[in-house]
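The structure is shown first.

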Amino acid sequence: MSDKLPNHPIECPWAPSIPRYLVPIDPKRMGHFFTDVLIIGGGLAGLRASQEIDPNLRTILLTKDKLEESNSAYAQGGIASVWDPEDRFDNHVQDTLVAGCDLCDVPTVDMVVREAPSRVAELIRWGTQFDQLDGALVLGREGGHSHQRIIHALGDATGKEIMRAMIQRTRSCPNIEIIEEAYTIDLLTYDNRCCGAVVSVQHRPPVLIWAKQTILCTGGCGQIFRESTNPKVATGDGHAIAFRAGAVMRDMEFMQFHPTVLYIAGSSRTLITEAIRGEGAYLIDSNGYRFMKDYDQRLELAPRDVVSKSIVSQMEKTQAPCVYLTLAHLDAKHVRNRFPGIAKVCEGFGLDITKDSIPVRPGAHYMIGGALVDDQARTSIAGLWGAGEVTSSGLHGANRLASNSLLEGLVFGAIAGRNASIAASQDPSVSLTVLPIQYQPKQSTSQPIDLADIRNSVRSLMWRNVGVQRRKDRLDEALLNVQRYASYVLAHPLNGIDAWELQNILTVSLMMIQAALVRTESRGVHLRTDYPKLDNAGWHRHLSMSIKPSALS
């Protein structure tokens, strides 16, 4: 495996339709706020970054909703970390590389894996109550892992417990001002340097927040798909604002689809954690047949991309809308104690997880691609750092290994916070000045736009044509239709979070479709049915894209 793979730039013929800013920018008519460090995103990566900022530096942390509402808080499985004496760093590294389908950055993987025990110990010191038995951490196993190394909390609510402890700690820091319900519309840039953001707080008119250093930790974009495990806030805002600012975006074709999402018509989609298969659950089809043995010798413990593809294939064979998870062969008391959250959700639909089969199918889960960052969490834009799901760090390659996501947020969050703090400390205070950034978009359209209708149409289109299985004719159709929507939704300034989210969904969808069209092979989570084989000779490389923003932005 190559340590450093080339980034192959691809063209974006629709780039001229992408506006630099979504709203007019006129410093003489807008409110101004100033801070040393601006952190955009209140998930685990953002909170962890905040802990590294020098207490003498003023820090503003923005979160789109409440702090409790993020992908991090909904993480069920746990954090992957070598903890068992029988486990080794090399084992965790190898498992990550295998899952990543030969596209991981090996030094990055090694660094993150070796930092994992320290980051977990840190969480324990800060008050996180991980599940224990006789004074020792309980270690679980998930798909793709060769050893028991998944550290979890509250059975199947690890993210909730970690975020509780991290939120409590962050709120106690006097230098950190947390602003909830703050929607970041765009990054402010001048001469290819990030100098803050355009923000709407609690639906009020946009203001300019000027910062010496900015850290982007906005999470994922699962809501661009109709079927998703992600909360409603995950609309790809960070991916879109980074792209509009000129950041290099990488691996945008790689969206991970979690294989087991509760599928009950009319209900919201609920993640059924990978740990449930780690504990011994079977996957069966509508005929009661345990089918994974037909696809992979690792059965239910194969990596997520393999299981998702297998489920879709079996659904096609049986002409059924879903498959099922069964735990009926396991000890009922252990199942209820290990998965109390899932048991409660299923009870609401009349399902007893100790007896009844759980209907599941894949759903969009984790975005692997994003703003390119190096091992110091630097993006391609000076003054802008990144951590977590909004970035492409090289850790995941073409498929994320289960429970490596919270770990990435912790490790890169700490790195981004530390480096942003150092850079802000070395920057003289006079740098906090209003720069001559001016932007006046085209006049608003007089025609009404049904935002909800377009959003639903795009999400359904993305699920049908850019989901688990992809092929050229469907990708072409998706690109044509999304471009058509973008031609009038992005052409005019619109007001309000619903409008800005739709504009971001369209932008991220265009990036994903374009990259999926270019990569004519199947690798990891990217399955091209018209190019079903992995092609290292032609595609052992990353795909990147960027646009050049205005000189005055």
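## A three-stranded sheet

An open antiparallel sheet is formed by three strands in the order β4-β8-β7. Strands here are DSSP runs of E with at least two residues, helices are runs of H or I with at least four, and both are numbered from the N terminus; two strands pair if DSSP finds at least two bridges between them. The edges are β4 (79-80) and β7 (139-140); each has a single partner strand, so one side of each lacks a neighbour in the sheet.

Strand β8 (residues 150-151) pairs with β7 in the antiparallel sense over two bridges. Ile151 in β8 stands opposite Leu139.

The model is predicted, so local features need pLDDT of at least 70 and side-chain atom pairs count only at pLDDT 80 or more, while totals for chains, interfaces and linings use all residues. Residues are numbered from 1 along each chain as its sequence is written, and side-chain values use heavy atoms, with hydrogens and water left out.

## Helix α5

Helix α5 (residues 158-171) has 14 residues. From first C-alpha to last, α5 reaches 20 Å, close to the 20 Å expected at 1.5 Å a residue; the expected span is 1.5 Å times one less than the number of residues.

Which residues of α5 are buried? They are Thr158, Gly159, Glu161, Ile162, Met163, Ala165, Met166, Ile167 and Thr170. Buried means under 20% relative accessible area, exposed over 50%, and partly exposed in between, with a 1.4 Å probe and protein chains only.

## The second largest pocket

The second largest pocket holds about 370 Å³ of space. A pocket is an open set of points on a 1 Å grid over the protein atoms alone, where a 1.4 Å probe fits, with protein on both sides within 12 Å along at least five of seven lines; lining residues have an atom within 4 Å of a point. The volume is the space filled by probe spheres set on the points, which are joined across faces, edges and corners.

Of the 14 lining residues, Val312, Glu316, Arg361, Trp463 and Arg464 lie nearest the centre of this pocket. Two or more lining residues come from each of α8 (304-318), β18 (358-367) and α12 (451-465), and α8 gives the most, with three.

## Cysteines

The whole structure contains zero disulfides, a disulfide being a pair of cysteine sulfur atoms within 2.5 Å. For Cys322, the nearest cysteine sulfur is that of Cys346, 12 Å away. Cys322 counts as buried at 5% relative accessibility, and Cys346 is buried at 0%.
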